[in-house]
Amino acid sequence: MQNKTAILVLAIALALVSVYQLSFTGATYKVKQDAKKYAQGDLVKQTYYIDSISSLPKSQWSFLGYSFKDCQKREINLGLDLKGGMNVILEVSVEDILKALSNNSSDKTFLSALARARELEKESQADFLVLFGRAFQEIDPNAKLAAIFSTVDLRDKINFNSTNDQVLRVLDEEVTSATKNAFNILRTRIDRFGVVQPNITQLATKGRILIELPGQTDPQRVRELLQGTANLEFWETYENSEIINYLVSANELLKGIEESSRKSVEAEEQVTEAEAAPQDSSGSEIQDLLDLIEKDTVQAAVASTREEFAIQNPLFGILTPRVTEQGEALPSCMVGLAAGVDTARVNRYLGMNQVRALFPRDLRLYWSQNPHKYDPSGSLYELHAIKITTRDGRPPLDGSVITSARPTSGMTGSEVKVDFNMNSEGAKTWARMTRENVNRCIAVVLDGYVRSYPRVMGEIPTGSTEITGDFTIEEADDLANILKSGKLPAPARIVSDTVVGPSLGREAINAGVLSFVIAFVIVLVYMAFYYSRSAGGVADIALFSNIFLIMGVSASLGAVLTLPGIAGIVLTMGMSVDANVLIFERIREELRSGKGVKLAIADGYRGSLSAILDSNITTLLTGIVLYVFGTGPIKGFATTLVIGIFTSLFSAIYISRLIYESMLKRNARLTFSIKITENFLRGVNFDFIGKRRISYIVSGTIIIISVLSLFVRGLNPGIDFTGGRTYVVRFDEAVKTADVATALTDAFGGDAPQVVTFGSENQVRITTKYRIDESGADEDVETALYDGLKGMTGEDISREEFLSKYRQSSETVGPAIASDIKRKAVYAVSLALVIIFLYIFVRFKNWQYGLGAVSALTHDVLVVIGIYSLLWGIMPFNMEIDQSFIAAILTVIGYSVNDSVVIFDRVREFLPLYRKRPAREVLNMAVNDTLSRTVNTGITTILVLAMMFFFGGATIRGFLFAMIIGVIVGTYSSIFVAAPLVYDTSSKTGLKI
């Protein structure tokens, strides 16, 4: 074995990297288990425990030099179907951007072109802007876009003489910039949302953004967070010294209110006292407060712990005021700091009517967008005092006046700042604001969060100014983009969302792990049984190494592990076994020819390498296609499949070889079969080619039945392809699907939903198109769901309680996304077939092999689709045609072509040896010679898929059913379709390689 040392070093390096990456998962898992022990079933306590660990600096909690937050970012990233959470696809409205860029032009051609582009978008893959350009040209070929878009904001880029193509290029830049700005704003909002391991990605379709929020199951809150229009504002502010006394009074008032709930007899007296002495708090009171925070020995007797301090000071227990050690207010508009988890409680306290009455009527309190820069834990957010100076309560200046913004460096080059320019109206207002607020702060607020609060040093008479604030280059660039986005109203709307409840996620994890363990054990036992303990044991070690490397590499790359991803790992086990089977069968052949064990092993690895590489490369190509066209869990499946192909190759070819080399050095006795399996399918001589007409009749009959079923029964398309909403609802007791459908038909305004049992008799899956075309109707539909089903719960329950307790998951796919998914599905399957044909054509240098393989694959796809058409509505599990089904079809294509490639590879090997024999005999020899491998691989793959099917949960049962059928049909077609077609198409010219 060449380069043995290098391979050994690589194997050790990969193992160490995998251990290092997986150790973070172990560290976070331990903390979560400690949280469970501490909480004893109380989810609030459990969350509080984890949040408290997250806020600790590295000096108090660290693992390998990383904080708990950093460890969470490096742990194995579970998908939403395993962890629970929400998946959202947002679409930034390009149409609204164009309207804004035209200053809401009322030009008839412009408006007609927008309407026409909306219609074209439903049936086209092209971007909206491209469709708009085509529509504008079709409606009036002589019309000029420059007449519409030569506005004040675009006058430096578009003039009246600009051609339509030039204008469209400028518009494309503006739309791209607006989308990027929206992406940056949404990413900032998500980071502020406090979700661990969020994912935000710009999709290929311009204007669409994918957002995944693990663990987040409050869809309405997420929708409000994500769909709010980016709103940039400039506000005058109060100084901290002007507000601190009001905060002290509020703290005293809240103390009295909370004491009244414990001491009802003294409640009214304490509230009266708190309201009676509001605003003449002295510096000594602030000093007392500071002493409490610093745990002064006098005050320690009264409040010896932070918990007791929080009880005695409800507001200041969670909001730290900004004062010096001498009790003086620090100069700033920042009035306090609070942990991110406490901001909602601070808002609730300060929003109470009694508390609001204490503060000036022109005061607003806004939180900072980012944590306080001097906070080592990165968990404290700033509270700022905003001053309202206009009669209508609007900001004196907003983002609509910004014409340009860019990050720049100061004189020394070390200071990063943001320069921006305003239009003439904005410049006048800015001059007045800065003139009237010298030595005071002006707050830059984005979407209700303070982004910057520079102190004004003097009047700025022009609209050209700068913002400083200890920015990094990236932060300054982001802020410049945010400032520019303020002038473009680019609202985002949700076109697809999926919600998975935490209980369903936990069940998915348990089911996935159980099915994986059972499948893993079965494969280990089977290999040890069929190929003896020695050779089978080596294969088992290689298989274990493969699984370990898959997990380690996935963690290193930040790949998302989904339930289909676990299915991908299970499928990879079957492929890993396939590589070992190919090697072992060749070794057994070499041993039967009389070679010694050492030479047989060397020649066995050498002889099987070509077939192993070809079969895995074809599967890799389909995995890449699936990754490119898939989203969410399907992309997770493709990721683990692609990673698994590389790791299984490394494990089967190199790790197992290293083990054999070590065993041979120790003169260990190696066997590759037991008596029962030694002669299994050995010496068989079936005339597959001679019986090809029978197989053609059988296949033709099945395909005709499938096609007829497609015309008569059709398929059951899921909401991925039709658009709609799906809810999984679990009741306490078994329910009848007809009763659920009847109850919801009235609630959905006469629109009857489809209701099927899902997993168990007390759980149903509800599919409806009710109000799917209406933007923002999600909350109303959820209310209708509650109204229709609350009577079946047997308890008096609120809407929020119902959704939290009974709704296990939900999914919404808008019509535009559904149309897009359909197109991508067709492209993906077609592209996979073309790629495989080209690969086999290039690899075997003969089009007949490519035609035989692709014909067999087409046969497999038609049969699987036909069986789905025949059985949907009959089988007791979901058989919808959705993204998961397309993933199954692509995987079947990859698997099926493996069998064909292995046969073709043996034909290529035999042709030079048996030149004088008829083509029919050579093909029969190749099929018979690989029959043992074909059967063994098929059995192990079906075994692991069957375990996943029975124990992996209802969510992916339909996906796995398609896989099982595909593996059976694929094994059949490689023998009875692919090889015979190669013979028939080569009958005149003869077999060639």
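Modeller: Two strands are said to pair if DSSP finds at least two bridges between them. This is a predicted model, and here strand β2 (residues 85-92) pairs with strand β4 (residues 208-214) in the antiparallel sense, over 7 bridges. One of the residues concerned is Glu91, whose bridge partner in β4 is Arg208.

Biologist: In what order do the strands of the open sheet of 8 strands stand?

Modeller: The order is β3-β4-β2-β16-β21-β18-β20-β19, and the pairing is antiparallel. The edge strands are β3 (199-202) and β19 (754-758), each of which pairs on one side only. From one strand to the next, the twist averages 20 degrees.

Biologist: Which strands does helix α28 touch where it packs on the sheet?

Modeller: Helix α28 (residues 737-747) touches β19 and β20 (760-768), and its direction makes about 145 degrees with that of β19. Helix α29 (residues 778-789) packs on the sheet as well, touching β16 (492-500), β18 (724-730), β20 and β21 (807-813). The direction of α29 makes about 40 degrees with that of β18.

Biologist: Let us turn to the open sheet of 3 strands. What is its strand order?

Modeller: The order is β11-β12-β15, with antiparallel pairing. β11 (402-409) and β15 (465-467) each have a single partner strand, so one side of each is left without a neighbour in the sheet. The twist in this sheet averages 30 degrees from one strand to the next.

Biologist: Over how many bridges do β11 and β12 pair?

Modeller: β11 and strand β12 (residues 416-422) pair over 7 bridges, in the antiparallel sense. Within β12, Asp419 is the residue opposite which Arg406 stands. Helix α18 (residues 424-436) lies across β12 and β15 and runs at about 120 degrees to β12.

Biologist: Which residues of α33 and α35 meet?

Modeller: From α33 come Tyr895, Asn898, Asp899 and Val902, and from α35 come Arg933, Thr934, Thr937, Gly938 and Thr941. The residues of this contact divide into 2 nonpolar, 5 polar and 2 charged.

Biologist: May we consider a single residue next? Is Asn924 buried or exposed?

Modeller: A residue counts as buried when its relative accessible area is under 20%. Asn924 has a relative accessible area of 6%, and is therefore buried. Asn924 lies in helix α34 (residues 919-929). Leaving aside residues up to four places away in sequence, Asn924 touches Phe686, Asp687, Phe688 and Ile689.

Biologist: Finally, the chain as a whole. How many helices and strands does the chain have?

Modeller: The chain has 36 helices and 21 strands. Of its 993 residues, 53% are buried.

Biologist: What share of the contacts between residues at least 6 apart in sequence join residues at least 24 apart?

Modeller: The share is 74%. The contacts of Asn924 with Phe686, Asp687, Phe688 and Ile689 may be inspected beside that figure.

Note on methods: Residues numbered from 1 in each chain as written. Predicted model: local features only at pLDDT ≥ 70, side-chain atom pairs only at ≥ 80, totals over all residues. Heavy atoms only, no water. Contact = heavy atoms within 4.5 Å. Helix = DSSP H or I, 4+ residues; strand = E, 2+ residues; numbered from the N terminus. Nonpolar A, V, L, I, M, F, W, Y, C, P; charged D, E, K, R; others polar. Axes fitted to C-alpha atoms, helices over the stretch in contact; angles between N-to-C directions. Buried < 20%, exposed > 50% of the residue type's maximum accessible area, 1.4 Å probe, protein only.
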